[in-house]
Amino acid sequence: MPALPAPHTLPLPEAGQDGDTRDNSYVLGHHGFIYTGSQLASGVTVRHPAVLLLSADYAPFRLSLREGATLHAAAVLVAPLVARSLDARGVPLLSLNILPSHPAFHVFRAMQHPGAVALDRHAFKPLDEDMAAVHRGTVTIEQAENLFEAVVAEAGHQLPPAPAPDPRALELIRRLDANPHLSLDDLARQFGYSQQVMSRLFSSAVGMSVRDYHNWLKQRRVYDVLYTPRSLTQVAYSAGFADSPQFSRTFQRWYGLTPSFARNPKAVRVFIHGGSNEPHTPGG
C-alpha cells in the first residue's frame, strides 16, 4: 500500500497544552484515519469508509439515519455509504474511519443493513487511557495507529461473523491497491471475464460499484495533498475535481466540515506519517 507523501510542515506547538481545544486528525495512510473533537455535529453526510464512533468518557451522543432510526449511545458502528447525521456536541468523540483497503473492511460493510449498530462501549475499557490521549492530541502517529487497530479488532469481535471473502475478491483488491486506476474493462481482461461478471465481482469484493470506487479514489487523493502548501484549487484539481467549489461541496458532504477548516492549524492539529504534527499554513 503506498505511503502518503510527507508534507512541508510548520513546527508544532506543544500538544495538549491547557486551553488547546483544537480537533485532531491522524492520517494513517490509505487504510484509515482518526478524527477527534468535543463539538462534532453535522447534517446528513455519506462517506465510503466504515466509521467507528466512540465517546472517550462514555457520554452518549446521537446518530440519526436518514431513513429514520436514531441511536443514542457511547459507541456506534456506521457501515459504508450510509447516510446519517451526528450530534456529539459536548462529547469527547473519536471517529475512526476504516477505508476499503483495510483488511477488516469487509466485516464492516456486511453491516450495511441495518446501517448502524450500537456497540458495547465498556468492552473498549482497556483502551480508555489511549483513547483519552488520542483525543487530547498527546500521542505519536504510531501510537494512534496502534489504537486504531486495537479498536477495529474489538469492534469486529462484537459483530456477527462476516462471510469469508471470495479468493477472487482478495486478488481483485490486491490488484486495485497496486494500480487503483484500473478500469472495469482492464480488470475484465485481466481476469478473463465479461464486463457483466466483472461488475458483479467488483461490487461483491469492494462493497461498492465501480463508480463509487472511483469517487473513493478522489478521497484517497485528497488526503495525499490536503495537508501540503497547495491551494485548495490545486488540491481540487490534483484529486480529480472540476473546480474548488465542487471539491468543497463534496468534502462537506463526506465529512460535515469544509476543507479549509480541516487544514486550518488554528482549528485542527494534524498528525501524519513522515512529517511533524502540523500542516503547512495554506498557500491560498
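Mentor: The axes of helix 7 (residues 210-225) and helix 9 come within 12 Å and cross at roughly 100°. This is a predicted model.

Trainee: How is the relation of helix 7 to helix 9 to be described: roughly parallel or roughly perpendicular?

Mentor: Angles of 65 to 115 degrees count as roughly perpendicular, so helix 7 is roughly perpendicular to helix 9.

Trainee: Which residues of helix 7 and helix 9 meet?

Mentor: From helix 7 come Asn215, Lys218, Gln219, Val222 and Tyr223, which meet Phe247, Phe251, Trp254 and Tyr255 of helix 9. By class, this contact of helix 7 with helix 9 comprises six nonpolar, two polar and one charged residues.

Trainee: At what angle do helix 4 and helix 6 pack?

Mentor: Helix 4 (residues 167-178) packs against helix 6 (residues 195-206) at about 85°, and their axes are 9 Å apart. Helix 4 is therefore roughly perpendicular to helix 6. On the side of helix 4, the contact is made by Arg168, Ala169, Leu172, Ile173 and Leu176; helix 6 contributes Met198, Leu201, Phe202, Ala205 and Val206. The contact of helix 4 with helix 6 has nine nonpolar residues, one charged residue and no polar ones.

Trainee: Let us turn to the strands. How many bridges join strand 1 to strand 2, and how many join strand 2 to strand 7?

Mentor: Strand 1 (residues 23-27) and strand 2 (residues 32-45) run antiparallel and are joined by four bridges. Within this pairing, Asn24 stands opposite Thr36 of strand 2. The two strands form a hairpin with four residues between them, and Gly29 in the turn has a positive phi of about 75°. Strand 2 is also joined to strand 7 (residues 84-98), by 11 bridges, and these two run antiparallel. There, Thr45 stands opposite Arg84 of strand 7.

Trainee: Which element gives the most to the lining of the largest pocket?

Mentor: Strand 2 does, with seven residues. The elements that give two or more residues are strand 2, strand 3 (50-55), strand 7, helix 9 (244-255) and helix 10 (259-262). By class, the lining has 14 nonpolar, six polar and three charged residues.

Terms used. Residues numbered from 1 in each chain as written. Predicted model: local features only at pLDDT ≥ 70, side-chain atom pairs only at ≥ 80, totals over all residues. Heavy atoms only, no water. Pairing = 2+ DSSP bridges. Axes fitted to C-alpha atoms, helices over the stretch in contact; angles between N-to-C directions. Parallel < 35°, antiparallel > 145°, perpendicular 65-115°, else oblique. Contact = heavy atoms within 4.5 Å. Nonpolar A, V, L, I, M, F, W, Y, C, P; charged D, E, K, R; others polar.
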